[in-house]
Amino acid sequence: MALEGESAPTDVLLAEEAFGDIREMSLEDNCRDYHLQRGQVIGRRVMLFSSLALALTAVMAVLGLRSIWSSESDAPLQADEEASTDLLQVIHKDGKNWFTDCGNTYELEKVTHSNLGGFGPDAGAQDIVWVAKHMYRGEFLGYIDIVLIAKTPYSPWSDLSLNGMHGKFGRVALPAGQKLEAELTFLDHETKKPITLPEITMTFYDIDQGPEGSATEFVRVITPHKTMLHKDADIRVVEMPDGSVEYTATHEGNKEDNPLEPDALSTLMKERALAFTLDNSTKVDFDFGSSQGAFVRGFFFAFMNAINCHLVEITTTTTTTTTSTEYHPFPWWILAVIAAILLLILICILIRCYYRRLTFTERKTMVKNRFIRQVNRAAEILGGPNPNYNDPELKSILQKLNDNKQHVKALCGNQWVEWKAPGQCQVCRTDVDRKEKGLQCASGGHRICWNCMCHNMDWDAICEDELTHLKDDTDIYIWDCNQ
């Protein structure tokens, strides 16, 4: 759009005055733009809420329907004598409920420190510390700490992460041909002071050897103890002159003898397991390792009598000491009702709102007002007493203005180009003595400041140019809730 004559005022226009006309001129468009943006914000919130509501509705519906297919396994279980079924792992077999009874157990729960022999991966004390849960037939009796130290230097396996736990097992990994002289001590979990255990049983699992008798595993228990082995154990027992007892593998191992749970062993697994019990014990001294061979040997253990673990049926009339607890099933139907209410709310929202494509006029309004907000920001920066011409935000905006200089014509009819020499704005007579303040025409005879450039832009052409480059679909669709 060409400019009209030289009739502009001779005094310098302030930035606020130059842009005031633009803001007044676009008041209606700004209001429309506000509603469009509000529709987009509402749309994002509605879609987020809808997604969450649908997910929550699905979960609650599943939980609610659970009450329809609830089985007898939801009914209260009672074990014989003093067993507490709240902590029992119930096994369903032959139409009955059972639990595994291993007697007095210390179930390993987690490793709190691992630096056996000072090899890491943790720093500090040279030991491994497990937290163990003391259980007796399902009754929780408290926590203790079990600490393992290496009494003499040893050669660890390269992957120190193998030391600590594997599932519910304790584990120490050694290269074949190496031995660890170890000591176990027991600490109060809270005070960390040594304690004496009236009875504790330790089981080593998967005691076997490699091909052709290589890497034969052994465990030597030095502390006086009582041994439990399967009647057909694949373990050779040798009493040593110093009173210790050495247990050595006699058969090659395979995947069939690797247990998955400490208290669930097949016959073969029991044949290759060693359990020993200590009374009134404050510590346990023992060695374990293997003969020369290849690769790593993992030593798995737990603190229970895994060989004598057996299934006990959970009944309601086993002994006179059995107590009955009133059963109050959770009202799952409440969740189903809540799910239905949420779904109803969601349907109401979808009826109230709809997702639609913007009209050409609405899209044009959004582009125009977005551009005007950038121009107003430039006026704010340049209108200060000491403008920072190196402001990154200002540079970005001025680049945007430069990119649209073809939409304003000089008096001479030439195109505007980047400023090269000082002069006065052809409209407001403001000095244009820097490239940050405006442009000059291609012939060099006219200047225009940014304020006047924006005041005289061909906005329709700018918006159409912007729309040709618009690729973001979020500017094309809105969630309309303004019905």
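E393 is partly exposed, because its relative accessible area is 36%. This is a predicted model, so keep that in mind throughout. The side chain of E393 meets that of R377 in a salt bridge, 3.0 Å from N to O. That pair links distant parts of the chain: E393 sits in helix α6, R377 in helix α5, and they are 16 residues apart.

R377 has another partner. R377 also forms a salt bridge with E380, with the closest N and O atoms 3.0 Å apart. Here both residues lie in helix α5, which runs over residues 360-382. They are 3 residues apart, about one turn of the helix. Why does that spacing matter? An α-helix has 3.6 residues a turn, so residues three or four places apart point the same way. E380 counts as exposed, at 55%.

How many salt bridges does the count come to? It comes to 19 salt bridges. One of them joins the side chains of K179 and E181, at 3.7 Å from N to O. K179 is partly exposed, with a relative accessible area of 38%. E181 is partly exposed too, at 25%.

Back to E393 for a moment: its salt bridge is with R377. Elsewhere, salt bridges that share partners join K151, E183, K283 and D285 into one network. D285 is found in strand β15, residues 283-290. D285 is buried: its relative accessible area is 11%, and the cut-off for buried is under 20%. D285 and I149 are 136 residues apart in sequence, yet 9.9 Å apart in space, C-alpha to C-alpha.

Now helix α6 itself. Helix α6 covers residues 392-403, which is 12 residues. From first C-alpha to last, α6 reaches 17 Å, close to the 16 Å expected at 1.5 Å a residue. Which residues of α6 are buried? They are L394, I397, L398, L401 and N402.

Next, the backbone. The peptide bond from G120 to P121 is cis, with omega near 10 degrees. P121 lies in the loop between β3, residues 104-114, and β4, residues 127-136.

Another loop to look at runs between β9, residues 197-205, and β10, residues 217-221. D206 is in that loop. D206 is not a glycine, yet it has a positive phi of about 55 degrees. D206 is buried, with a relative accessible area of 11%. A215 lies in the loop between β9 and β10 as well. A215 has a positive phi of about 50 degrees, and it is not a glycine either. At 1% relative accessibility, A215 counts as buried.

On to the cysteines. How many disulfides does the structure hold? The structure holds 0 disulfides. For C441, the nearest cysteine sulfur is that of C412, 3.8 Å away. C441 is buried, at 0% relative accessibility. For C449, the nearest cysteine sulfur is that of C452, 3.5 Å away. C449 is also buried, at 7%. A disulfide here requires the sulfur atoms to be within 2.5 Å.

Last, the surface. L54, L343 and I347 make a nonpolar surface patch of about 250 Å². I347 belongs to helix α4, residues 332-352. I347 is partly exposed, with a relative accessible area of 43%.

Methods. Residues are numbered from 1 along each chain as its sequence is written. This is a predicted model: local features need pLDDT of at least 70, side-chain atom pairs count only at pLDDT 80 or more; totals for chains, interfaces and linings use all residues. Side-chain values use heavy atoms; hydrogens and water are left out. Patches are made of residues with over 30% relative accessible area and no salt bridge: like charges are joined within 9 Å, nonpolar side chains (Val, Leu, Ile, Met, Phe, Trp, Tyr) within 5 Å. Accessible areas come from the Shrake-Rupley method with a 1.4 Å probe; for residues, only the protein chains shown count as cover. A salt bridge is a side-chain nitrogen of Lys or Arg within 4 Å of a carboxyl oxygen of Asp or Glu. Helices (H or I, at least four residues) and strands (E, at least two) are DSSP runs, numbered from the N terminus. Buried means under 20% relative accessible area, exposed over 50%, partly exposed in between (1.4 Å probe, protein chains only). The expected span of a helix is 1.5 Å times one less than its number of residues.
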